[in-house]
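Student: Hey, I'm new to this one and would like a friendly walk through it. Can we put it on the screen and start with how the helices pack?

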Amino acid sequence: MQWQVGSGLSIGAILFTVIVVAAMLIWVERRLLGLWQERLGPNRVGPLGLLQVVADMIKIFTKEDWVPPFADRFSFLLAPPIIMIVVLMSFAVIPFAPGVGVIDSDIGVLFVLAMASLGAYSVMLGGLSSNNKYALLGSLRAAAQMVSYEVFMGISLLGVVALAGSFNLREIVMAQSELWYIVPQFLGFIIFMIAGVAESHRLPFDIPEAEQEIVAGYHTEYSGMKFGMFFVGEYLGVLLVSSLIVVLFFGGWLGPAFLPPIVWFALKTSFFVGFFILLRAAIPRPRYDQLMRYGWIFLLPLSLLNLLLTGAVILWKQGGGL
Amino acid sequence: MLRTIKDSLISQFATLWKVFMHAFDRTDTVEYPDVQPPMFSRWRGRIILSRDPDGEERCVACNLCAVACPVDCISLQKTEDEEGRWYPEYFRINFSRCIMCGFCEEACPTHAIQLTPDFEMAEYVRQDMVWEKEDLLISGTGKYHDYNFYRIAGKKIGGKDKGEARHEAPPVDVRSLLP
C-alpha cells in the first residue's frame, strides 16, 4: 500500500492519529497548565503520567450513562456525537503531507467553515434539550457567540483564498512555497486565531461553558461517555484549528528538507496547540456581550479592511493599472 | 480608540509572556507520599499522652481536657492507685471528631496531653478512629522533658509526704506558733 490521498491506509492512519492525539491533549494540557502555574500536573499513572488518559477513559466508560428524565431524549442523545462527527469530518480536507489526506477537495475552506457552523448545533441542542437553567444559559451564550465569530472567521480567510486563488487547502499550501501567508496576511492570521479560539470554545472564549459562572454550561447534565464526547470534541477542535492555522498561514508541511514533511506539520501544529493552552493559562474570560461587541464593531470591519487591502494589492500586482 | 487598542494589545502580550516565563520557575508542589513535607514542631496533629521522666503516666484524670474540648471527643474515667496517685482508668479520643484545636493541650495542668506533628491518621474502618489509652500513651516525655507533676505539686502520695515536693516549704505547724 502506498501513501495516497484517500487510500485506506491514509484514512485509517489519520483517524487513529487524530483521535489518539486529541485524547493525549488532555494530559498535555494538564501538564502544561501545571508547568505555568508552578505545579506538576498528573504524573502518577505511567511514565510522566502519560497513562492518565487511559485512567480517565476507564473512568468515563464505567460511569453511569444517565439521561435526565426531564430532558428531551432524542436531541439529548443526538448532541454529543454531532461535535465529534463534525470535527472529524473537517479533518477530511486537511492536507497533512503530500499524499496524506482523506480527500483532495476543491472546496476545502468552505467545507471546514460549514462544518464549524454545524458544530454549533451540538452545543445548542445539548444545552436546550437538557432542560436545565445552566445548560440553557450555556446554549444561549453559545448562540450569541456563534453569531459574533462565524462572520469574521469566514471573511478573515478570504484574504488567503484570494492570494492562493483556490479554495483547495492542498493548493493553498503549495502556493506558500515562496512565502508563508503569515507575512502578507498577518491581520488575517490574528483575526482567524481569535475566531478559532471562539470556535473551539476554549478559554478566553469558553463562554458557553464558563465553569466559574454556570457550572459546566451546555454539558451540565451530561455524564459518562456522552460527556466524554463533548470533552474529546473540544480537544479535537483545538487540534483542528491549530492545523488549519498551520495550513493556511504557516505553509502546512513545507519546511527545510532535513525533516520529513509530516514532521514539519506536526511540529508547527503542536506549537499552536501549546499556544492555545498558554492562552488558557493567561487570559481571563470576557462577558459574552463584550465578545459580541468586540466581534461586530472591531474585528468584522478589520477583516473587511484586510480583504479590501489584499484585493487591492493583488490587482495592483497584476498590473491592471488604476 | 487607537490608544485603547494599543494598550490592551500590549497588556495581553505582557500577560502571555509573564505566564510563559513561569515555565522556568521552580514548582511549589511537594510530592507528598514520596517526599515528606517539612513539618513544624508546634504543628497540631495527632494527640498523644506523655509520661513523666520516671516513666509514669502524667495524666491525673482531672477531666479538664474533656471539658475544654469543643467537640467532646475526649472521654476518660478517673481512678486511684494504692499510693494515692490519680490516673485514668480509660482514656479515649475519638479522632473522627477531633478538630486538632489544641485546647486540651492548653487546658492540661500536667503537660500530659500533647499534640504532635503527625497527621497521617487515615483508617478504613471508622471504629479504628477511636484511640484507647494504650494507643495514645508514648514512652517519652513529649515536649517537656523535666516536668514531673507529683514532684512539684503538694499532693501527698506514697513515698512523698506533705512539704517534700520541690521548692515546697514544710507545712506550717500551727501549734508551734503559740507564744
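Student: How do the axes of α5 and α10 of chain A cross, and how far apart do they come?

Tutor: This is a predicted model, so keep that in mind throughout. In it, helix α5 (residues 133–164) of chain A and helix α10 (residues 288–317) of chain A cross at roughly 10 degrees, and their axes come within 9 Å.

Student: Are α5(A) and α10(A) roughly parallel or roughly perpendicular to each other?

Tutor: Roughly parallel: angles under 35 degrees count that way, and therefore α5(A) and α10(A) qualify.

Student: And what classes of residue are in that contact of α5(A) with α10(A)?

Tutor: By class, the contact of α5(A) with α10(A) has 17 nonpolar, nine polar and one charged residues.

Student: Okay, moving to α1(A). At what angle does α1(A) pack with α2(A)?

Tutor: About 110 degrees, for helix α1 (residues 8–36) of chain A and helix α2 (residues 52–62) of chain A, with the axes 9 Å apart. The two helices, α1(A) and α2(A), are therefore roughly perpendicular to each other. The crossing of α1(A) past α2(A) is right-handed.

Student: Which residues meet there, between α1(A) and α2(A)?

Tutor: From α1(A) you have A23(A), M24(A), I26(A) and W27(A), and they meet Q52(A), V53(A) and D56(A) in α2(A). Sorted by class, this contact of α1(A) with α2(A) has five nonpolar, one polar and one charged residues.

Student: What about α1(A) and α9(A), what angle do they pack at?

Tutor: For α1(A) and α9(A) the angle is about 50 degrees, and their axes are 10 Å apart. That makes α1(A) oblique to α9(A). Here too there is a handedness to report: α1(A) passes α9(A) in a right-handed crossing.

Student: Let's switch to chain B. How many residues of chain A are in contact with chain B?

Tutor: Nine residues of chain A, and they are in contact with eleven residues of chain B. On the chain A side, α1 and α9 (261–282) are the elements that give two or more residues. The most come from α9(A), with three residues.

Student: Now the inside. Which residues touch the most other members of the largest nonpolar core?

Tutor: That core has 84 residues, and A195(A), L239(A), I245(A), V247(A) and L248(A) touch the most other members. The element that gives the most to this core is α8(A), with 16 residues.

Student: What does L248(A) touch?

Tutor: Leaving out residues up to four places away in sequence, L248(A) touches L157(A), V160(A), I172(A) and Y181(A). There is also a second, separate core of 19 residues, which includes I47(B), C59(B), I74(B) and C104(B).

Student: Loops next! Where does T220(A) lie?

Tutor: T220(A) lies in the loop between α7 (186–199) and α8 (224–249) of chain A.

Student: Is T220(A) buried or exposed?

Tutor: Buried, because T220(A) has 23 other C-beta atoms within 10 Å and 20 or more is the cut-off. Skipping residues up to four places away in sequence, T220(A) touches S130(A), N132(A), Y134(A), A135(A) and V215(A). Take A135(A): T220(A) is 85 residues from A135(A) in sequence, yet they are 5.9 Å apart in space, C-alpha to C-alpha.

Student: And H219(A), buried or exposed?

Tutor: H219(A) is buried, with 29 other C-beta atoms within 10 Å. The loop between α7 and α8 of chain A holds H219(A). With residues up to four places away in sequence left out, H219(A) touches G126(A), F227(A) and F230(A).

Student: Last one: what is phi of N131(A) near?

Tutor: Phi of N131(A) is near 60 degrees, a positive value in a residue other than glycine. You'll find N131(A) in the loop between α4 (108–129) and α5 of chain A. N131(A) counts as partly exposed, with 15 C-beta neighbours inside 10 Å.

Terms used. Residues are numbered from 1 along each chain as its sequence is written. Chains are lettered from A and ligands numbered from 1 in the order in which they are written. This is a predicted model: local features need pLDDT of at least 70, side-chain atom pairs count only at pLDDT 80 or more; totals for chains, interfaces and linings use all residues. Axes are lines fitted to C-alpha atoms, for helices over the stretch in contact, and angles run from 0 to 180 degrees between N-to-C directions. Helices (H or I, at least four residues) and strands (E, at least two) are DSSP runs, numbered from the N terminus. Angles under 35 degrees count as roughly parallel, over 145 as roughly antiparallel, 65 to 115 as roughly perpendicular and the rest as oblique. A crossing is left-handed if the near helix is turned anticlockwise from the far one by less than a right angle, and right-handed if clockwise. Two residues are in contact if their C-beta atoms, placed from the backbone, lie within 7 Å. Ala, Val, Leu, Ile, Met, Phe, Trp, Tyr, Cys and Pro count as nonpolar, Asp, Glu, Lys and Arg as charged, and the others, Gly among them, as polar. A residue is buried if 20 or more other C-beta atoms lie within 10 Å of its own, exposed if 12 or fewer, and partly exposed in between; C-beta atoms are placed from the backbone. A nonpolar core is a set of buried Ala, Val, Leu, Ile, Met, Phe, Trp, Tyr and Cys residues joined through C-beta atoms within 7 Å.
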